[in-house]
Amino acid sequence: KEVLDYVTRFIDRNGHKPSYQQIAMHLGVRSRAGVQRHIAALESQGLIARRRENGRFGIDLPLQQASFDKICAVDLIEMEGEDGKFTITGQAVITVPRYLLGEVQPIDAFAIRMPDYSLIDRQICNDDLVVFERRNYARRGEIVAAKIESGTIILGVYHQHGRETEIRPAGDGLEPSFFPADEIWIEGVMLGLMRFTAASLE
């Protein structure tokens, strides 16, 4: 499972398959033979395919074998007069690739349709589906979905300054928001994002 998860994530992030040497480094082993045994076991289950290319073996990940999960997704709309703060206007169930969640269970994840371009410098665009792990704490620099006292949602980069919480946008000319630490609650921390069409929502 660890090898399959690594191969899937590597392809998603880099656009090509990892080499046996890269898999060995990830596993912390020196022997290519050990990696080959893992690959052979996954191939026997139909989870991956090996092909010979330029005298060497390469790895393919058959699309039909990809694993998927369903999570809840919500739409947000900006509240008039409260720049950068949003209210939930609807929700749906979406299908996401298992590797996007990593070790997080589907019940512990949710997605928010990005309502604006306030995180554009983090390559997050309007209408992207941002996937979050449900978590009530965050580390400095993580992208979070947070709830404030009024019940509205704010998205941004988390920074803590003593008893004050800063939610910082990532775009030119945008101002951060500051809240007393006891008036804002972290709802989730970003895992990844998807760019779905409207037809992908169920």
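Tutor: This structure holds four salt bridges. It is a predicted model, in which local features need pLDDT of at least 70, side-chain atom pairs count only at pLDDT 80 or more, and totals for chains, interfaces and linings use all residues. Residues are numbered from 1 along each chain as its sequence is written, and side-chain values use heavy atoms, with hydrogens and water left out.

Student: What is a salt bridge?

Tutor: Side chains of opposite charge can pair when their charged atoms come close. The term requires a side-chain nitrogen of Lys or Arg within 4 Å of a carboxyl oxygen of Asp or Glu. Here, Arg168 and Glu166 meet at 2.8 Å, N to O. Salt bridges that share partners also join Glu133, Arg135, Arg139 and Glu142 into one network. Within it, the closest N and O atoms are 3.4 Å apart for Arg135 and Glu133, and 3.3 Å apart for Glu142 and Arg135.

Student: Is Glu166 buried or exposed?

Tutor: Buried means under 20% relative accessible area, exposed over 50%, and partly exposed in between (1.4 Å probe, protein chains only). Glu166, at 4%, is buried, while Arg168, at 33%, is partly exposed.

Student: Which residues of helix 2 are buried?

Tutor: An α-helix has 3.6 residues a turn, so residues three or four places apart point the same way. Helices are DSSP runs (H or I, at least four residues), numbered from the N terminus. In helix 2, residues 20-27, the buried ones are Tyr20, Ile23 and Ala24. They line one face, because they fall within an arc of 100° seen down the helix axis, the arc being that of the directions from the axis to the C-beta atoms. On the other side, Gln21 and Met25 are exposed.

Notes
Helices (H or I, at least four residues) and strands (E, at least two) are DSSP runs, numbered from the N terminus.
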